[in-house]
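Subject: Structure handover and notes

Hi,

Here is the structure I promised to pass on. My notes follow below it.

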Amino acid sequence: MKLSKNFSKHEFDSKDGAKMPSNVLKNVLDLAQNLQKLRDYYGVSITINSGYRSEEHNRSVGGAKGSQHRRGLAADIVIKGVN
């Protein structure tokens, strides 16, 4: 599923394969659209290292109990050529 010009839902899916709840998907859609603005500004690709995390996956990676990843409000990213 395409979320913006350059981002797809699968990039934000939990790495443990857990289904993304519909309320989280709405947040991820907003997040992808904001990241698209950043990508357009820099003009280079952005890699999503971690988007939505299920509770189990968040726990397994040592994420905070109140992690914004669990709500689809955060992403760990790498912008090519930007520190």
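**Salt bridges**

Asp30 and Lys26 sit four residues apart in helix H1, about one turn of the helix. Their side chains form a salt bridge, with the closest N and O atoms 3.7 Å apart. Lys26 is exposed, at 52% relative accessibility. Asp30 is partly exposed, with a relative accessible area of 35%. Please keep in mind that this is a predicted model.

The count of salt bridges comes to five. Arg59 is exposed because its relative accessible area is 54%, over the 50% cut-off. Glu55 has 42% relative accessibility, so it counts as partly exposed.

Glu55 also meets Arg70 in a salt bridge, at 3.6 Å from N to O. This pair links distant parts of the chain: Glu55 is in helix H2, Arg70 is in the loop between H2 and E2, and 15 residues separate them. Arg70 is partly exposed, with 30% relative accessibility. Together, Glu55, Arg59 and Arg70 are linked in a network of salt bridges.

Where is Arg53 placed? Its place is in the loop between strand E1 (46-50) and helix H2 (55-60). Is Arg53 buried or exposed? Its relative accessible area is 11%, under the 20% cut-off, so Arg53 is buried.

The side chain of Arg53 makes two polar contacts that I would look at. One is with the side chain of Ser50, at 2.9 Å. Another is with the side chain of Asn58, at 3.1 Å. If residues up to four places away in sequence are not counted, Arg53 touches Ser14, Asn58, Val61, Gly63, Ser67, His69, Arg70 and Asp76. Note that Arg70 is on that list, and that Arg70 is also part of the salt-bridge network with Glu55 and Arg59.

His57 lies in helix H2. It is buried, because its relative accessibility is 12% and the cut-off is 20%. Leaving aside neighbours within four places in sequence, His57 is in contact with Ser14, Lys15 and Asp16.

**Gly72**

Gly72 is placed in the loop between H2 and strand E2 (76-79). How accessible is Gly72? Its relative accessibility is 0%, so Gly72 counts as buried. With neighbours within four places in sequence left aside, the contacts of Gly72 are Val24, Asn27, Val28 and Leu31. Gly72 and Met1 are 71 residues apart in sequence. In space, their C-alpha atoms are 16 Å apart.

**Aromatic pairs and a surface patch**

How many aromatic pairs are there? The count comes to two. Phe7 and Phe12 make up one of them, with 6.1 Å centre to centre and 65 degrees between the planes. That pair is edge-to-face, because the angle is over 60 degrees. Both Phe7 and Phe12 are buried.

Tyr41 and Tyr42 form an aromatic pair too, and this pair is also edge-to-face. Here the centres are 5.1 Å apart and the planes stand at 85 degrees. Tyr41 lies in helix H1 (residues 22-42). Tyr41 is exposed, with a relative accessible area of 67%. Tyr42 has 38% relative accessibility, so Tyr42 counts as partly exposed.

Best regards

Technical notes. Residues are numbered from 1 along each chain as its sequence is written. This is a predicted model: local features need pLDDT of at least 70, side-chain atom pairs count only at pLDDT 80 or more; totals for chains, interfaces and linings use all residues. Side-chain values use heavy atoms; hydrogens and water are left out. Helices (H or I, at least four residues) and strands (E, at least two) are DSSP runs, numbered from the N terminus. Buried means under 20% relative accessible area, exposed over 50%, partly exposed in between (1.4 Å probe, protein chains only). A polar contact is a pair of N or O atoms within 3.5 Å; within protein, one must be able to donate a hydrogen and the other to accept it, and residues adjacent in sequence count only if both atoms are side-chain atoms. Contact means heavy atoms within 4.5 Å. Rings of Phe, Tyr and Trp (its six-membered ring) pair if their centres lie within 6.5 Å; planes under 30 degrees apart count as stacked, over 60 as edge-to-face and the rest as tilted. A salt bridge is a side-chain nitrogen of Lys or Arg within 4 Å of a carboxyl oxygen of Asp or Glu.
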